[in-house]
4 protein chains.
Amino acid sequence: MLSKEKIIKIRKSSWFSNLTTGIILFYAIALGFKTIHEIADPYGTLFYSIDMFVTVYFLVEILIKLYSEKNIKDFFKSGWNVFDFIIVIITLLPLENSSFAAIARLMRIFRVLRLLNSRPELKKIIDMLIGAIPAIVDIVILMFIIFYIYAIVGNFFFEELKSGLWKDFLTAMLTLFRVLTFEDWTDVMYEAMELYSWAWLYFVSFVIIAAFVFFNLFVAVIIDEMQKINSEQTDEQLSREEDKIDLLLEKVTQLQEEIQELKKR
Amino acid sequence: MLSKEKIIKIRKSSWFSNLTTGIILFYAIALGFKTIHEIADPYGTLFYSIDMFVTVYFLVEILIKLYSEKNIKDFFKSGWNVFDFIIVIITLLPLENSSFAAIARLMRIFRVLRLLNSRPELKKIIDMLIGAIPAIVDIVILMFIIFYIYAIVGNFFFEELKSGLWKDFLTAMLTLFRVLTFEDWTDVMYEAMELYSWAWLYFVSFVIIAAFVFFNLFVAVIIDEMQKINSEQTDEQLSREEDKIDLLLEKVTQLQEEIQELKKR
Amino acid sequence: MLSKEKIIKIRKSSWFSNLTTGIILFYAIALGFKTIHEIADPYGTLFYSIDMFVTVYFLVEILIKLYSEKNIKDFFKSGWNVFDFIIVIITLLPLENSSFAAIARLMRIFRVLRLLNSRPELKKIIDMLIGAIPAIVDIVILMFIIFYIYAIVGNFFFEELKSGLWKDFLTAMLTLFRVLTFEDWTDVMYEAMELYSWAWLYFVSFVIIAAFVFFNLFVAVIIDEMQKINSEQTDEQLSREEDKIDLLLEKVTQLQEEIQELKKR
Amino acid sequence: MLSKEKIIKIRKSSWFSNLTTGIILFYAIALGFKTIHEIADPYGTLFYSIDMFVTVYFLVEILIKLYSEKNIKDFFKSGWNVFDFIIVIITLLPLENSSFAAIARLMRIFRVLRLLNSRPELKKIIDMLIGAIPAIVDIVILMFIIFYIYAIVGNFFFEELKSGLWKDFLTAMLTLFRVLTFEDWTDVMYEAMELYSWAWLYFVSFVIIAAFVFFNLFVAVIIDEMQKINSEQTDEQLSREEDKIDLLLEKVTQLQEEIQELKKR
C-alpha cells in the first residue's frame with residue numbers, strides 16, 4: 001500500500017491535476033456525444049463504463065486530497081473543495097432507480113464546473129465578475145422598481161388581452177423583460193394598441209427609460225473600472241515623482257540655511 | 001396624548017423610517033400578489049384591510065412629519081415631501097365609486113416610488129441619471145431631426161401600404177422607432193420594396209445613420225464622465241505637485257539673490 | 001424703402017434669426033399635421049397658405065442675407081448658405097403640375113434641415129460625427145470585404161433557395177446586413193440548413209466575425225476620442241509643469257556657476 | 001526579353017502594385033455582376049475572358065515576384081506571399097470539369113482577400129484584431145462552459161419538444177447562441193414553458209448570466225486597450241519629467257557639496 005508521503009507527493013504533482021482536468025474534459029465531451037442518439041445508442045455500455053470510471057476516479061481523487069491534508073477540517077475551508085466534495089458525494093448516492101434519478105443524473109453536469117477550478121485565469125475572471133456586482137447593485141434595484149411599476153400598470157390595463165401576456169404580475173414582469181430585449185416587442189404593443197390607442201406611450205417610454213438606465217449602468221461600470229486602474233497605475237508614478245520633489249525641497253532648504261550661515265561669517 | 005417633543009423624537013428615530021420602508025415593501029408585495037387571481041380572490045377582505053391599513057399608516061406618517069416641522073412651509077421645500085404629500089392626499093379622496101376610481105387605484109402604485117426616497121444610493125443614481133441628460137440633449141435633438149425627416153419622407157412614399165405603418169406622421173415616427181430597435185425591421189422593408197425596389201436604400205441608410213449617431217451618443221457620454229473624473233482625481237495630485245514646484249522655484253530664486261549678495265561682498 | 005444700413009441691422013439682429021428658427025419649427029409642425037388626413041383635409045387652404053407664406057418668407061430672408069453682404073460672392077463661401085440658397089430656389093420653381101411635382105414637394109422637407117444651422121451645438125455635434133469617420137474608415141473597408149466574401153459564398157450556395165434572399169450579389173449583401181442586425185437571422189439560417197446541414201457554420205461564423213470586428217470598431221472610436229482628450233487636458237497641465245522644471249534646472253545651473261565663481265575668488 | 005534588373009524595377013514600382021490592386025478591385029466588381037443573371041447571362045464570353053485574363057495576370061505577377069527575389073525561398077518567408085501563391089496555383093489547376101469544379105470556382109473569391117495585402121492600414125487593423133484575442137480568450141472559455149452546462153441541461157429537459165431545437169447537444173448549443181442574440185428567444189421559451197412552467201427561469205437566467213459575462217468581456221477589452229495607451233502616452237511624458245527631476249536632484253546635491261567646501265575655507 002502507498003505511504004502517506006507518496007500520496008502527498010502525488011497530490012502535489014502537476015500530472016495529477018492535469019490528469020483530473022483531462023478526465024473532466026473527456027467526460028464533458030462524452031456527455032455531449034451521449035445526447036446524439038445515432039452515435040450514443042449503439043455504445044450504451046461504453047457510456048455506462050465511462051460514467052462508472054469517472055465516478056470512481058473522482059472518489060479516489062477526493063480521498064487522496066482528503067488524506068493528504070494534515071487536518072481534514074482544513075480541506076473544507078476552501079469553497080471550491082466543499083463544492084467538489086458535494087458533487088462527488090451526490091453522484092455516489094444510489095439514486096438510479098429512485099424518484100430522484102433525474103436530479104442525480106443532472107448533478108453530473110456540474111462536474112464540468114470543476115474545470116473552473118483547474119485554470120487560475122478563470123478563477124480570476126469569476127472574481128472580477130463578482131467584484132463588478134457592487135458597482136451595479138443599486139442600478140439593478142432601480143431597474144427592478146421600474147419593472148415593478150410598469151408591471152403593475154401593464155397588468156392593470158392589459159390584463160384581459162387574449163395573448164395572456166399581462167394576466168398576472170409575474171407574467172407581466174416576464175413580458176417586460178422580453179420588451180427590454182426588443183424581442184417582438186411591437187407585437188405586444190400592437191395588441192395593446194387595439195384596446196387603448198395610447199398604449200404606444202407605455203411601451204416607448206418603458207423602452208427609452210429602461211434602455212437609458214441600462215446604458216448608464218454600462219457607463220458606471222466602465223468608469224468604476226477606470227478609476228481603479230488610474231489610482232493604481234499613474235498614481236504610483238506620480239507619487240514617486242512627488243517624493244523626489246519633496247526631497248528636492250528639503251535639500252534646497254538646507255542649502256539656504258547653509259548660505260545663511262556663510263553670509264553671517 | 002403625545003407631546004410635540006416625543007413626536008419629533010419618533011420622526012427622527014431610525015425605526016420609524018425603517019418601519020415606513022418595510023410597510024412600502026410589504027405593500028409592494030401585496031400589490032403583486034393581488035394580480036394573481038388564484039391567490040388573491042379568496043382573500044378579498046384581507047387585501048382590502050391591507051389597503052386601508054397602509055392608507056391610514058401613510059396618513060399618520062405624513063401628519064407626524066408635518067407636525068414635527070417648526071414651520072409647515074419648510075416641509076414643502078423638498079420635492080420628495082411634496083411628492084409624498086400628493087400621493088397620500090390623492091389616495092385619501094373617496095373616489096372608489098366615481099368615474100375616477102380607476103385612476104385613483106392606479107395612483108396607489110406610485111406609493112412604491114417612495115422606496116426611492118428611503119435609500120440614499122438610489123437618490124444619488126437618480127441624480128446621476130438626471131446629470132447625464134445635458135450631455136446628450138443635443139444628440140437627442142439631432143436624433144429627432146433625423147426621425148422627423150425620415151418620417152415625412154416615409155409617409156410621403158409608403159402612405160398607401162396595407163400595413164398602415166406609414167399612414168400618418170406619428171405612426172411613421174413609431175415605425176421608425178421600431179426600425180431603430182431592429183424589431184422585425186426587414187418585414188417593414190420588404191413590404192416597402194414591393195412598391196419601390198429602391199426602398200432598401202431608405203431603410204439601410206436610416207439604420208446606419210441612426211445607429212452611428214446613437215453610437216456616438218454613447219461615446220460622448222463615456223468621454224464626458226471620464227473628463228469629470230480626470231479633472232477630479234489626477235488633477236488634484238498634479239496641482240499639489242505644481243504647488244511644490246512653485247515653492248521650489250521661489251526658494252531657488254531667493255538662493256540666487258543671496259549668493260548675489262555674497263558675491264558683492 | 002429700407003436703406004442698406006437698416007437691412008444689415010435687421011440681418012444681424014437676434015430677433016431675425018430667432019424668427020427664422022421659429023418659422024422653420026412652425027413649418028415642421030405644420031408638415032407633420034398635414035400627414036394626418038382627419039386633421040389636415042378640412043383645412044386644405046390653410047396649409048396651402050402656410051406653404052406660400054413660408055416660401056415667401058424664405059425668399060425675403062435669403063434676399064436680405066444676400067443684400068447685406070458686401071460682395072454677393074462672399075455669401076456663397078459658406079456651405080450652409082449654399083445649402084439654404086438651393087433649398088429656397090428649388091421650392092420657388094413652378095413645378096406643381098409638372099412631372100417633378102413629387103420631387104419638388106419632397107424638397108420642402110429639407111427646409112427643416114435648416115434647423116441644424118440655427119443651433120451652434122448641433123453644428124458642433126455634426127462636426128464631431130464627421131470627425132469620427134476617419135477613425136473608422138478602415139474598419140468599414142474591412143467590414144465591406146467580409147460582407148463581400150460572405151455575399152459571394154452565400155450567393156454561390158444558397159442562390160436557389162425559395163425565399164430569394166440570395167438570388168444575386170446585392171440581395172445577398174442586404175440579407176447579410178439583416179443577419180448583422182440579428183433580425184430573424186435564424187429563419188434565414190434554418191432555410192439554408194434544409195439544403196446544407198453545415199449552413200449553421202456559415203451563419204454563426206459570420207455573426208461572430210462581423211460582431212467581433214464591429215465591437216473593435218466601437219472600442220477603437222472610444223480609445224481614439226480618449227487619446228484626444230488626454231493629449232488636450234492632462235498634457236496641458238503636465239507641460240506647464242515641465243516648463244517650470246526646465247526653469248528650475250536653468251536657475252540651479254546658474255547657481256552652480258555663480259558658486260564656482262565664488263570659489264575661485 | 002526583359003533583363004532581371006528591369007523586372008526588379010517593375011516589381012518595386014508603385015504602378016505595378018497599384019495595377020494589381022486595380023485588377024483585384026475590377027475582378028471583385030465583375031464577380032459581383034456575374035451573380036445578377038439579367039446582366040451577366042448575355043455576356044458569358046466576356047466574363048469568361050475576364051476570368052482568363054485575371055488568372056494569367058496573377059500568374060505573371062507571381063512569376064515576376066518570384067523571379068525578382070534573390071533566393072526563391074525568401075519569397076515564401078512571408079505568410080501573405082504563401083497565401084497569394086496558393087490562391088494563384090489552385091486557380092490554375094484544370095478542375096473545370098472535375099468533381100472539384102465547385103470548390104475551384106469558390107477559391108477564386110479568396111483572390112479578393114488579396115486586397116487586405118494592398119492597404120497597410122488594413123494589415124494594421126487585422127494585427128489589432130488578432131492582438132485583442134488574448135484579452136478575451138479566458139472569457140470565451142467561461143462563455144463556452146456556460147453554454148455547455150445550459151446545453152446539457154436544456155437537452156435533458158426539452159429534448160422531446162416538437163421544434164427539435166434541443167434534440168442533441170450541438171443543436172442545443174446553436175439554439176442557445178440564437179437565444180444570446182435575442183432572436184425570437186421568447187418563441188423558444190414559450191414552447192418550453194408549455195412542458196415545464198418553470199422554464200422561464202432557465203431562459204431568463206441564461207440571458208442575464210450570458211449578457212453579464214459578455215458585457216464584462218466588453219469592459220475588459222476597453223480597459224485593456226486603455227492601459228496600453230496610458231502606459232504609452234502619459235508615461236512617456238511623466239518619465240521625461242522624472243528624468244529632469246533626477247537631474248535637478250543631482251545638481252542640487254553637487255551645489256550642497258560645493259557650498260560645504262566654501263564653508264570649510
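**Notebook: domains and chain interfaces**

I began with chain A of this predicted model and found that 40 Å separate the centres of its domain 1 and domain 2, taken over C-alpha atoms. Domain 1 of chain A covers 4-118 and domain 2 covers 133-251; the bounds come from an automatic or database domain assignment.

I noted the conventions: residues are numbered from 1 along each chain as its sequence is written, and chains are lettered from A and ligands numbered from 1 in the order in which they are written. Local features need pLDDT of at least 70, side-chain atom pairs count only at pLDDT 80 or more, totals for chains, interfaces and linings use all residues, and side-chain values use heavy atoms, with hydrogens and water left out.

**Entry: chains A and D**

The superposition is by least squares on the C-alpha atoms of residues with pLDDT of at least 70 in both copies.

I then turned to their interface. In contact (heavy atoms within 4.5 Å) are 60 residues of chain A and 59 residues of chain D. The two chains bury about 5300 Å², with 72% from carbon and sulfur atoms; buried area is the accessible area (1.4 Å probe) lost when two parts are put together, summed over both.

How many salt bridges join chain A and chain D? The count is zero, a salt bridge being a side-chain nitrogen of Lys or Arg within 4 Å of a carboxyl oxygen of Asp or Glu. I recorded six residue pairs in polar contact, both residues at pLDDT 80 or more. A polar contact is a pair of N or O atoms within 3.5 Å; within protein, one must be able to donate a hydrogen and the other to accept it, and residues adjacent in sequence count only if both atoms are side-chain atoms.

Which helix gives the largest share of the side of chain A that touches chain D? It is α13(A), with 26 residues; helices are DSSP runs (H or I, at least four residues), numbered from the N terminus.

**Entry: chains C and B**

I found that chain C can be laid on chain B by a turn of 90° and a shift of 0.2 Å along the axis, with an RMSD of 0.4 Å. Here 60 residues of chain C are in contact with 59 residues of chain B.

Terms used:
Helix = DSSP H or I, 4+ residues; strand = E, 2+ residues; numbered from the N terminus.
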